[in-house]
Each structure stands twice: as structure tokens, then as C-alpha cells.
Amino acid sequence: MPVPDDFIEKLRAVAGNGVLTEAADRAPYEAEERGLLESTCDAVVRPADTEAVAAVVRLCAERRIPIVPQGGNTGLVDAGTPHGEICVSMQRMNAVRALDAFNNSLVIEAGAPLVVAQQAADDAQRLFPLSLGSEGTATIGGLISTNAGGVAVLRYGMMRD
């Protein structure tokens, strides 16, 4: 069921130019990695900060319009591709907010690719041990939500470890 035009305008009011409605613009977000499943949405919303994410979720909840969050869209279980829902992509939320080498901690936004976390740790002479084939596109939020393991899982544990 298509979302009303007035709803799209409300999304634009909170997410600005981060709302994509043209088919060609939505296509990369609707693409399922293996091409096995049909995927579609009326809009892709790419909020730039947590306040915009909260506003988008609030708007969708008020209208009872379903959403699907999306990180790098590298998953193989079809959890991040939209099937009629509004796609909320974390792509624009990709900054390293803080790094504390003394306490071995890193604050990074959900849409940052794994390689950004690895580089930030390396720059601070630390190791971010998670490594997998899609580290250039898989995002921190997606890796946390799926508790990814990667190639060094036996030595360092899963993502949440």
C-alpha cells in the first residue's frame, strides 16, 4: 500500500534531502545481495543524526507505517531489505565520535563501515579485531545487531564481545 504524499512531505521536513522517492534512487537500497527476492519500498529515509532517526520513527509509528532499518545491506538473510516498508538507512550516520585509546573505547555511529572502525583503532595503535569479507560496506550497526563473528571469532569473540 503506497504511503500518502503528505507523509513523504512530513518525512522530508525531518530528514531534509535524506528522503529518496525516485525508483532509480531507491534501487540500491531495494537490492537484495543475491538477487533472489523481490524488494521494494515507497521511500528511503537517510537521517543524518539521532534526532532525525527518532523523528522518522515517531512519524511512522503515528501513521502505523512499517519501517525496516538498513546498514550496509550486505546481509544474506533478507532482514535489511524493504518489502513495502519505509527503508531507514543509517548510511549518513557514519562518523567516529570519540576514541579513547587509554580506555580502549570507540564511539562510532551505526552507519559507519567496519573499515572506518578498524582504521580509527589502527590510528590510535589499537586493534579492532572483527574482520570479514564485506568490511568496506558492512556497517557497525548491522554488525552489532547480528552479532557478527568474522574470521577471527575464535580468538577475539563475536562483535558484542
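**Close-up 1. The buried residues of helix α4 pack against β5 (96-100), β6 (105-108) and α5 (140-146).** Here, contact means heavy atoms within 4.5 Å, while helices (H or I, at least four residues) and strands (E, at least two) are DSSP runs numbered from the N terminus. This is a predicted model, in which local features need pLDDT of at least 70 and side-chain atom pairs count only at pLDDT 80 or more, whereas totals for chains, interfaces and linings use all residues. Residues are numbered from 1 along each chain as its sequence is written, and side-chain values use heavy atoms, with hydrogens and water left out. In α4 (residues 114-123), look for Leu114, Ala117, Gln118, Ala120 and Ala121, which are buried (under 20% relative accessible area, 1.4 Å probe, protein chains only). Seen down the α4 axis, these buried residues fall within an arc of 165°, so they line one face of the helix; the arc is taken from the directions from the helix axis to the C-beta atoms. Just after α4, Gln125 has a positive phi of about 60°.

**Close-up 2. Helix α1 (residues 5-15) meets helix α3 (residues 50-63), their axes coming within 9 Å and crossing at roughly 160°.** That makes the pair roughly antiparallel (over 145 degrees). Asp6, Phe7, Lys10, Leu11 and Val14 in α1 meet Ala52, Ala55, Val56, Leu59, Cys60 and Arg63 in α3. By class, this contact has 8 nonpolar, no polar and 3 charged residues.

**Close-up 3. Leu36 is found in the loop between α2 (23-30) and β2 (44-45).** Leu36 counts as exposed because its relative accessibility is 61% (the cut-off is over 50%). Leu36 and Ala48 are 12 residues apart in sequence, and their C-alpha atoms are 31 Å apart in space.

Notes: Axes fitted to C-alpha atoms, helices over the stretch in contact; angles between N-to-C directions. Parallel < 35°, antiparallel > 145°, perpendicular 65-115°, else oblique. Nonpolar A, V, L, I, M, F, W, Y, C, P; charged D, E, K, R; others polar.
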